[in-house]
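Student: Please take one part of this model and look at it closely. Then show me what surrounds it, and how the rest is put together.

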Number of protein chains: 2
Amino acid sequence: MTNPADLSAIAAARAIAAGELTSARLVSACLERIAAEEERVQAWAFLDGDRALAQARACDQRRAGGLPLGPLNGVPVGIKDIIDTADMPTENGSVLDAGRRPRADATVVRRLKNAGAVILGKTVTTEFAYYHPGRTRNPHDPAHTPGGSSSGSAAAVAAGMVALALGSQTNGSVIRPASFCGIVGYKPSFGAIARTGVLTLAPSLDHVGVFARTIEDAALAEVLMGPDGVDGDARLNFGPLMATMTSTPPVTPSLALVKTPVWDRALPETHAAFAELAEALGEAADEVELPDEFAGATGWLGAVMAAEMSRNLGHYVDRGGDRVSARIAELVADGRKLPAPAYLAARDMRGVLRGGLDAIFGRFDALITPAATGEAPEGLDSTGDPVFCSLWTFCGLPAISLPLLSGPKGLPLGVQLVGPHGDDARLLRTARWLAAFVNGAGSD
Amino acid sequence: MTNPADLSAIAAARAIAAGELTSARLVSACLERIAAEEERVQAWAFLDGDRALAQARACDQRRAGGLPLGPLNGVPVGIKDIIDTADMPTENGSVLDAGRRPRADATVVRRLKNAGAVILGKTVTTEFAYYHPGRTRNPHDPAHTPGGSSSGSAAAVAAGMVALALGSQTNGSVIRPASFCGIVGYKPSFGAIARTGVLTLAPSLDHVGVFARTIEDAALAEVLMGPDGVDGDARLNFGPLMATMTSTPPVTPSLALVKTPVWDRALPETHAAFAELAEALGEAADEVELPDEFAGATGWLGAVMAAEMSRNLGHYVDRGGDRVSARIAELVADGRKLPAPAYLAARDMRGVLRGGLDAIFGRFDALITPAATGEAPEGLDSTGDPVFCSLWTFCGLPAISLPLLSGPKGLPLGVQLVGPHGDDARLLRTARWLAAFVNGAGSD
């Protein structure tokens, strides 16, 4: 019989609700998997098995008592360690925050708990969710990076330690590690998930996202969504994702294959895999070229990141000395040199580019594009290049990475689908269609 | 019998709806008043009597035809010349925009037309709604400034040329000229009125506001309110103002008399008048001191203005040479020197200060404070000092100036009431109560 740790989150929640599985048994199975794999993968920044089991037993009692159960009742979730938890440390990937204990749960953690989830532990993040790597390794080959900055969450899900984990993306920190680790990564539309209690890097760009092994599990992100009255940018309020995404598309979805102005930065393996994919898709995908102005997106995102991260992380650099990485110090210094009007001009380009993409979304259900430049690079000194995410993050569009391809080393290559802002449900439905098409069968 | 030009907008709309007055007669009366006073006051940047009369006759035909009438049917309104009108020039107070013809009406102009208003003409603004004065004079004494930047709108209403006019405020451009001209100026909460089609100065601070001779007329600003799907900051959606504001307060309102950290910049006449007012109010007002951190507000507003106005008006300076004022060139240069993180830090203080003020609004219905440093200064070289508006504009709070006091030269001194964000209706109701209290009778 299946090891409970290998169940999808949805299947596990169903089995627990049906009395076929207890949360305690599921959490034990996850802890056993972690015990077996953690030395090789190093996904966790904080883990307290006893506390997780106590939460699990409380979930089992809720069911035994006939109380109403949330959609995630008894299901363990991993939390990226830039997301505040009141009962576990939150160290932001920096020695400067060693032992830091937030006073309150982040909105997303509170919402997970309300949905019945067990907060299993905190996962490794790069320093301040920027480039300086943590110790996590790629479960497919520990000599390779898992990607970043949500390194631990991606690796934990890929290693079967947990079915669902939270990450964040300011440039490419969900989509890229999902691609490298061969799992599903979903970054909802900007404004869908309130970021209260999540380390603020660049509020114009910061998104919370999720990692899962199935598209359906990724849609569980719906329990995180909706305004919280604190994050003023969290204004989207779309209906439940699950119902729409599991419906059959009324017509065959049409996909715009977009190589983007950074196509040259993709490796030959990516060029080859996408050529094959395009051929397989045939009439379901048309190649679409973006107008020249889109070439500026990487630079505009960089300017917004530098300015806003200087504002929000500058205090760490000022007091941190050699306890902050050179990469962060450099970014803060760059941001401090950027004149305010140049920052505002860069930020204003988001609306211009979104307008240009809206014209494409009038004709296509989703864009299809690489999730990363190629397979996960060898070595742990770098978390890889987020450049295939920058444009979509800058525009705040919903994006999902699907583990549909692989490269010459046998490592995963993600396919990224991008949808129009606010229409996450259709994007996920299209993703299901694509996965079924490529796999020649359903995706669940 | 009353000259129709002296009617309030509400009284005029009622008389037109009742068939006791025609819009054509009202507009003619306004044009006659303008003909008599314009040489002395110089409030208008563009005026075409024939076009106004044609609109008036269309309004009269609407009524004659039994068609539904808007709340402003047949009532003429003046429009500050930074607000786009498709059928009249919009020159932004700059020779660089001489003869400029926008392609579309601003949202507020479209909404006025939908409410049945006659767009009488465009009123003089300072250059780009900043400090460099236009030619308008104070109707109470043409040797004095009317204030700015909404100089023409304030002067036109004060001179009885029109009962209602639109202005804008990025620092003190509605409240200050209303104070100097002895009329009601109302700047709604940030986000209440969409600014699409209004010259963008500093989008974090730009507000549309109105001038009127009664508080009830000022509440007609409700026809301008609500999101328009274009201005992303226009998110407030409160119910109709008029019903609440004309109700009787359930208990006697309590006012917090706030001298603000800039009290020393008020002239002796203002100190004296507010001491008298405080004494008259007795137990209805308590003096409240703001915490020290509020002293920074003027500087933070200045930083946000410099950064955002550099971004939005820099192109005028770059191509304008000596056709832009030194004051604007200096502002743009200052903004270009401001580092982006310093701008972001200044902007973030808005939330901090609003939080501090919320504690005061828990105990008081409104703050009461000077609208300007004193009477309108002599001379036309300056439009006076907006410093008593800066804090409230920075925080985006609704504010209204009431012509309740006067100074040693017999010129008006406004009393400014400020309310909590989004509760404009209560602010206007409190304003009516205060006006009745001071005048010893109703305000209409």
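**A hairpin and its surroundings**

Tutor: Strand 10 and strand 11 of chain B form a hairpin, with five residues between them. Gly410(B) sits in the turn and has a positive phi of about 80 degrees. The model is predicted: local features need pLDDT of at least 70, side-chain atom pairs count only at pLDDT 80 or more, and totals for chains, interfaces and linings use all residues. Residues are numbered from 1 along each chain as its sequence is written, while chains are lettered from A and ligands numbered from 1 in the order in which they are written.

Helices (H or I, at least four residues) and strands (E, at least two) are DSSP runs numbered from the N terminus. Two strands pair if DSSP finds at least two bridges between them. One position to look at is Leu405(B), whose bridge partner in strand 11 of chain B is Leu413(B).

Strand 10 of chain B also has a partner in strand 5 (residues 184-187) of chain B. Three bridges join these two, and they run antiparallel. Here Lys187(B) stands opposite Ala399(B) of strand 10. Seven of the eight residues of strand 10 of chain B are buried, so the strand is largely enclosed by the rest of the structure. Buried means 20 or more other C-beta atoms within 10 Å of the residue's own; 12 or fewer is exposed, anything in between is partly exposed, and C-beta atoms are placed from the backbone.

Now widen the view to the sheet. It is open, with eleven strands of chain B in the order 1-3-2-4-6-5-10-11-9-7-8 and mixed pairing. Its edges are strand 1 (44-47) and strand 8 (285-287) of chain B, each of which pairs on one side only. Neighbouring strands are turned by 30 degrees against each other on average, direction ignored. Such angles are taken between N-to-C directions and run from 0 to 180 degrees; axes are lines fitted to C-alpha atoms, for helices over the stretch in contact.

Residues are in contact if their C-beta atoms, placed from the backbone, lie within 7 Å.

Next comes helix 13 (residues 387-395) of chain B. Nine of its nine residues are buried, so this helix is largely enclosed by the rest of the structure. Its buried residues include Phe388(B), Trp392(B) and Phe394(B). Gly396(B) follows the helix, with a positive phi near 70 degrees.

Two loops of chain B deserve a look. Asn92(B) lies in the loop between strand 2 and helix 4 of chain B. Its phi is near 55 degrees, a positive value in a residue other than glycine. With 24 C-beta neighbours inside 10 Å, Asn92(B) counts as buried. In the loop between strand 3 and helix 5 (151-158) of chain B lies Ser149(B). The peptide bond from Gly148(B) to Ser149(B) is cis, with omega near 5 degrees.

Finally, the two chains. The contact takes 15 residues from chain A and 15 residues from chain B. On the side of chain A, helix 10 (297-320), helix 11 (326-337) and helix 12 (340-361) each give two or more residues. Chain A can be laid on chain B with an RMSD of 0.0 Å by a turn of 180 degrees and a shift of 0.0 Å along the axis. That is the relation of a two-fold axis. The superposition is by least squares, on C-alpha atoms of residues with pLDDT of at least 70 in both copies. Of the residues of chain A, Ala340(A) comes closest to the rotation axis, at 1.9 Å (C-alpha). The copies meet through the same surface, because 100% of the interface residues of chain A are also interface residues in chain B.

How values were computed. Contact = placed C-beta atoms within 7 Å.
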